[in-house]
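Please consult the sequence and structure shown here while reading.

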Amino acid sequence: MITKVEIENKSLGIAFWQKDQDGDDDVIMVSGKCILNNNQLYLKCQEKRIIILDDWLSRIKKIEDPEIKKIFHESEFALSLSVADLPLNANMSEYESIGLNLNENNCD
């Protein structure tokens, strides 16, 4: 498993997978540099800081293949996550914001 210290100051590409309105796969790519602040890991891209949850560390992989590296914007590491809309009756206190809105132009 990658540690926070190992990935600090390294580039990370994140693929956020979701279903579009037609049920087809859609992916949003975000990339930037990992920063560690008060033991919290962030992805810094442009002016945004996206929280990297500790639970995700085991899913971060070093990219060796040059073709995969291109897909992840030449990042040294990659993370792939599935996302979905919140349920209509969701209790917002049960969710934590990571500082990302997939409906906005985020980092790329």
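## A nonpolar surface patch

Met 92 is located in the segment that follows strand S6 (77–82). The model is predicted. Met 92 counts as exposed because its relative accessibility is 54%, and the cut-off for that class is over 50%.

Met 92 also takes part in a nonpolar patch on the surface, together with Leu 86 and Tyr 95. The accessible area of Leu 86, Met 92 and Tyr 95 together is about 300 Å².

## A negatively charged surface patch

A patch of negative charge on the surface is made up of Asp 20, Asp 22, Asp 24 and Asp 26. One of these residues, Asp 24, sits in the loop that links strand S1 (11–19) and strand S2 (25–37).

Asp 24 has a relative accessibility of 45% and therefore counts as partly exposed. That class lies between the limits of under 20% for buried and over 50% for exposed.

Cys 34 belongs to strand S2. Its relative accessibility is 0%, so Cys 34 counts as buried.

Which residues does Cys 34 touch, not counting residues up to four places away in sequence? On one part of the chain, the contacts are Ile 7, Glu 8, Asn 9, Lys 10 and Leu 12; Leu 41, Tyr 42 and Leu 43 are also touched by Cys 34. A further relation concerns Ile 52, which is 18 residues from Cys 34 in sequence. In space, the C-alpha atoms of Cys 34 and Ile 52 are 8.7 Å apart.

Methods
Residues are numbered from 1 along each chain as its sequence is written. This is a predicted model: local features need pLDDT of at least 70, side-chain atom pairs count only at pLDDT 80 or more; totals for chains, interfaces and linings use all residues. Side-chain values use heavy atoms; hydrogens and water are left out. Patches are made of residues with over 30% relative accessible area and no salt bridge: like charges are joined within 9 Å, nonpolar side chains (Val, Leu, Ile, Met, Phe, Trp, Tyr) within 5 Å. Accessible areas come from the Shrake-Rupley method with a 1.4 Å probe; for residues, only the protein chains shown count as cover. A salt bridge is a side-chain nitrogen of Lys or Arg within 4 Å of a carboxyl oxygen of Asp or Glu. Lys and Arg count as positive and Asp and Glu as negative; His and the chain ends are not counted. The place of a charge is taken as NZ of Lys, CZ of Arg, CG of Asp or CD of Glu. Helices (H or I, at least four residues) and strands (E, at least two) are DSSP runs, numbered from the N terminus. Buried means under 20% relative accessible area, exposed over 50%, partly exposed in between (1.4 Å probe, protein chains only). Contact means heavy atoms within 4.5 Å.
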